[in-house]
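Visitor: Please take me through the entry that is about to be shown, beginning with the terms that you will rely on.

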Amino acid sequence: MAGIKALVGLSFTGAIGLTFLLLGCALEQYGVYWPLFVLIFYILSPIPTFISRRVSDDTDSSSNACRELAYFLTTGIVVSSFGLPIVLARNTTIQWGACGLVMTGNAVIFLTILGFFVVFGGGDDFSWEQW
Amino acid sequence: MAGFLDNFRWPEWECIDWGERRNAVASIVAGVLFFTGWWIMIDAAVTYPSQEQMNHAFHTCGVFSTIAFFMINAVSNGQVRGDTYGEGCLGRTGARLWLFIGFMMMFGSLIASIWILFGGYVVPKKEVAPGLAVFFQNAFIFFSTLIYKFGRTEDLWG
């Protein structure tokens with residue numbers, strides 16, 4: 001295990017990211033909760049990588065079509081989580097300030113998820129028993 | 001004068017080993033382009049909901065581009081050359097035909113989107129933003145397909 005400190009640090013940044021998201025919804029001058037739909041994208045984003053690691057046994061550096069498809073889909077989910085607030089703001093469903101807060105929260109959350117993969121997911125002995 | 005740039009070299013980026021990361025970078029860039037294209041179209045559909053501003057049939061171009069993306073990228077270059085282990089469902093000729101049809105759909109959608117932009121928006125002097133959205137969606141999906149197909153290497157031994 002890479003350590004309790006990393007875990008605590010990542011959970012802190014995750015909480016900060018969710019705080020930004022909720023600020024974008026719950027502040028008095030905003031007040032609408034449509035941006036919470038990006039939570040779907042947060043939950044979906046690690047799934048392609050998990051599936052590709054589970055399905056393929058090789059973790060070496062050879063070209064791996066399944067892993068590349070997982071990167072493609074994960075990038076798409078990340079782009080979608082930024083696209084949704086922009087579309088909502090252009091449609092004046094939410095305000096641009098809320099959009100900015102949501103996008104900041106997105107960035108922090110995705111860095112947290114990336115941090116989880118870097119700290120806890122890498123290495124040849126990736127196995128489900130780590131959980 | 002003739003060769004004065006011969007000794008010019010780009011600055012070295014030694015922190016990143018491009019050789020091993022090339023496939024991952026290509027996949028990520030292709031993903032960004034593809035989904036940005038779709039979100040541009042979603043934005044246009046939300047901002048211009050009426051049939052006069054943006055005819056709903058224009059979504060067809062994006063749908064065919066997406067189908068073409070998956071057709072083109074379903075076939076690996078090895079299958080087209082004929083040097084993979086198994087035969088695949090259709091064999092080498094089938095793989096070539098599949099790729100051909102996929103590229104035709106992709107080019108057709110791109111040309112259609114350019115036609116829509118100029119024929120439906122620029123010439124009649126309507127507000128051009130929905131036409132631009134259709135065009136950019138298909139252009140982005142087109143470049144995403146190219147990057148995903150040709151930006152990755154298939155060297156099995158790294």
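Guide: Contact, as the word is used here, means heavy atoms within 4.5 Å. This is a predicted model, in which local features need pLDDT of at least 70 and side-chain atom pairs count only at pLDDT 80 or more, whereas totals for chains, interfaces and linings use all residues. Residues are numbered from 1 along each chain as its sequence is written, chains are lettered from A and ligands numbered from 1 in the order in which they are written, and side-chain values use heavy atoms, with hydrogens and water left out.

Visitor: Among contacts in chain A between residues at least 6 apart in sequence, what share joins residues at least 24 apart?

Guide: Chain A has five helices and zero strands, where helices (H or I, at least four residues) and strands (E, at least two) are DSSP runs, numbered from the N terminus. Read along the sequence, these elements give the pattern α-α-α-α-α. Of the contacts in chain A between residues at least 6 apart, the share that joins residues at least 24 apart is 69%.

Visitor: How far apart are the end C-alpha atoms of residues 71–89 of chain A?

Guide: UniProt, in an unreviewed entry, places the feature "transmembrane region" at residues 6–25, 32–51, 71–89 and 101–121 of chain A; its positions are given in the numbering used here, feature names are shortened, and annotations may be inferred rather than shown by experiment. In the model, residues 6–25 of chain A are 100% helix and 0% strand, with end C-alpha atoms 29 Å apart. Residues 71–89 of chain A are likewise 100% helix and 0% strand, and their end C-alpha atoms are separated by 28 Å.

Visitor: And how far apart are the end C-alpha atoms of residues 97–122 of chain B?

Guide: For chain B, the unreviewed UniProt entry gives the feature "transmembrane region" at residues 24–42, 57–76, 97–122 and 128–148. Residues 24–42 of chain B are 100% helix and 0% strand, and their end C-alpha atoms lie 27 Å apart. Residues 97–122 of chain B are also 100% helix and 0% strand, with an end-to-end C-alpha distance of 36 Å.

Visitor: Which helix gives the largest share of the side of chain A that touches chain B?

Guide: The contact takes 18 residues from chain A and 23 residues from chain B; the two chains bury about 1,800 Å² between them, 67% of it on carbon and sulfur atoms, buried area being the accessible area (1.4 Å probe) that two parts lose on being put together, summed over both. Phe72(A) touches several residues of chain B, including Phe34(B), Phe69(B) and Tyr148(B). There are two salt bridges between the chains, a salt bridge being a side-chain nitrogen of Lys or Arg within 4 Å of a carboxyl oxygen of Asp or Glu, and Arg152(B) and Glu68(A) meet in a salt bridge at 2.2 Å, N to O. On the side of chain A that touches chain B, the largest share, 13 residues, comes from helix 4 of chain A.

Visitor: Is Asn73(B) buried or exposed?

Guide: Asn73(B) is placed in helix 2 of chain B. Not counting residues up to four places away in sequence, Asn73(B) touches Thr145(B), Tyr148(B), Lys149(B) and Arg152(B). With a relative accessible area of 17%, Asn73(B) is buried.

Visitor: What is the phi of Lys125(B) near?

Guide: Most residues other than glycine have a negative phi. Thr92(A), in the loop between helix 4 and helix 5 of chain A, has a positive phi near 55° and is exposed, with a relative accessible area of 65%. Lys125(B) lies in the loop between helix 4 and helix 5 of chain B and is exposed, with a relative accessible area of 72%. The phi of Lys125(B) is also positive, near 60°.

Notes:
Buried < 20%, exposed > 50% of the residue type's maximum accessible area, 1.4 Å probe, protein only.
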